[in-house]
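We will take it one stop at a time.

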2 protein chains.
Amino acid sequence: MTRERTPAEADRDRRAASVDLLGVLAYGKIAAFALLSAESVRAPRHDLRVALAEYAVAEFADYELLAARVRSLGVDPAQAVAPFRAAVDDFHARTAPSSWVEGLVRAYIGDGIAVDFFAAVSAFLDPAIGELVEHIGDHGGRADFAIAAVREAVEGDPALAARLSLWGRRLVGEAVTQVQQMAAQRDPLARLLVGDVHGAGTDLGELGRIITSVTDTHQERLRRLGLSA
Amino acid sequence: MTRERTPAEADRDRRAASVDLLGVLAYGKIAAFALLSAESVRAPRHDLRVALAEYAVAEFADYELLAARVRSLGVDPAQAVAPFRAAVDDFHARTAPSSWVEGLVRAYIGDGIAVDFFAAVSAFLDPAIGELVEHIGDHGGRADFAIAAVREAVEGDPALAARLSLWGRRLVGEAVTQVQQMAAQRDPLARLLVGDVHGAGTDLGELGRIITSVTDTHQERLRRLGLSA
């Protein structure tokens with residue numbers, strides 16, 4: 001028998017879910033920054049190494065935007081990212097790239113899935129946070145570099161294209177698994193996702209629909225890279 | 001029997017030495033960027049991880065400044081950095097840090113030595129390039145973070161302080177060796193260093209004096225970190 005929550009409780013829950021959402025994205029960004037930077041040394045040409053470094057630096061700029069928003073909610077970014085460190089590091093450990101182009105595909109696909117998913121979720125939460133998430137997802141230049149570099153790498157190399165297509169499927173599987181586990185384990189996110197935050201949340205059916213839509217966009221993204229979905 | 005060089009030849013030599021100087025610094029910066037970024041994941045606290053990432057991003061910004069100058073001399077940065085890749089990578093391979101704080105000391109000390117050395121050299125070459133090199137060496141904020149973080153790490157840990165002091169000595173030894181080999185092997189730099197570029201170059205005695213002065217500044221830098229020289 002659950003009693004009605006007071007407006008103060010609803011507020012507190014909404015704030016906690018916002019911090020979670022910003023925290024998981026922020027940790028994803030700072031983790032991607034370190035991985036892409038390290039990966040840059042494996043680029044086959046200096047110009048690609050520089051472009052990969054620029055991509056990494058842009059990921060860090062996203063981290064700083066998200067951390068600033070966390071701080072504006074009165075929370076230390078270190079606290080906000082802590083609960084998600086294990087899940088994100090685990091995703092990266094299970095999807096360790098064996099070449100720089102696999103690393104690039106992981107960054108592009110991983111970013112895309114995370115942003116699509118959390119943008120869809122944040123639509124139920126706070127329009128301002130939804131806008132920030134969409135803004136972060138909307139980096140034309142970065143995506144263009146990734147698309148061009150992957151297309152260049154697979155051109156005339158159908159074996160690599162086939163390997164990267166498989167890689168893309170594995171990435172989406174791992175990402176969806178992590179997101180579902182995370183959503184189930186983190187109270188503030190779970191409450192949001194089962195519709196327990198100020199009435200207008202998602203329910204489990206809604207979560208399924210979001211994942212389906214994220215998976216559809218993922219197919220699109222693979223095709224843009226010149227890979228088959 | 002060497003004939004007098006024509007003004008056009010002297011110009012060409014000066015330009016080649018400038019490109020070399022910018023190239024070696026640029027490669028050092030983009031290499032430091034990747035290493036520090038990768039190292040950031042080992043930081044013991046989230047705030048230190050973020051600060052290390054900011055340090056790395058600033059190294060990359062330096063790379064972009066140097067690369068822009070190379071481009072303004074009509075040279076592709078990829079060409080300018082290529083001759084120095086092996087020496088810089090070799091320096092890093094021989095000084096692989098076993099902890100994040102060793103990595104931070106390496107970045108701070110390595111940056112300092114490279115900038116001091118090449119600023120002294122470029123004084124004989126082109127004032128504008130000398131200014132750029134000094135500007136790059138003059139990052140108060142970055143140095144302050146490194147100094148504070150290393151001091152914090154060694155405070156109350158004399159064993160670590162002793163280990164890092166040894167580490168600092170090893171770094172300067174390796175750096176001086178690499179710089180001397182590089183100066184001897186690269187024609188445009190060697191000509192500059194033996195006084196063969198438009199009359200006003202250094203000679204081998206001058207090179208010795210520069211290295212002595214760089215080593216003195218290095219002692220200063222170690223003391224600032226709370227380490228013994």
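How many salt bridges are there between chain B and chain A? The count is 0. Keep in mind that this is a predicted model.

**Stop 1: the interface**

Show chain A and chain B together. The contact takes 23 residues from chain A and 23 from chain B. Between them, the two chains bury about 1900 Å², with 67% of it on carbon and sulfur atoms.

Now select Phe33(B), His46(B) and Arg49(B). In chain B, these residues lose the most area to chain A. Together they make up 30% of what that side buries.

Look for polar contacts next. Across the interface of chain B and chain A, 5 residue pairs are in polar contact, both residues being at pLDDT 80 or more.

**Stop 2: the chain B side**

Color helix H1 (7-40), helix H2 (46-72) and helix H3 (77-81) of chain B. Each gives two or more residues to the side that touches chain A. H2(B) gives the most, with 10 residues. By type, the residues of this side of chain B divide into 16 nonpolar, 3 polar and 4 charged.

**Stop 3: a helix in chain A**

Select helix H4, residues 85-94 of chain A. Are Val88(A), Phe91(A) and His92(A) buried or exposed? They are buried. Look down the axis of H4(A): its buried residues fall within an arc of 95°, so they line one face of the helix.

Turn to the face pointing away from that buried side. Ala86(A) and Ala93(A) are exposed there.

Finally, show what covers the buried residues of H4(A). The cover includes helix H1 (7-40), helix H5 (100-122) and helix H8 (158-185) of chain A.

Methods: Residues numbered from 1 in each chain as written. Chains lettered and ligands numbered in written order. Predicted model: local features only at pLDDT ≥ 70, side-chain atom pairs only at ≥ 80, totals over all residues. Heavy atoms only, no water. Buried < 20%, exposed > 50% of the residue type's maximum accessible area, 1.4 Å probe, protein only. Helix = DSSP H or I, 4+ residues; strand = E, 2+ residues; numbered from the N terminus. Arc of directions from axis to C-beta. Contact = heavy atoms within 4.5 Å. Buried area = accessible area lost by both parts, 1.4 Å probe. Salt bridge = Lys/Arg side-chain N within 4 Å of Asp/Glu carboxyl O. Polar contact = N/O pair within 3.5 Å; in protein donor to acceptor, adjacent residues only side chain to side chain. Nonpolar A, V, L, I, M, F, W, Y, C, P; charged D, E, K, R; others polar.
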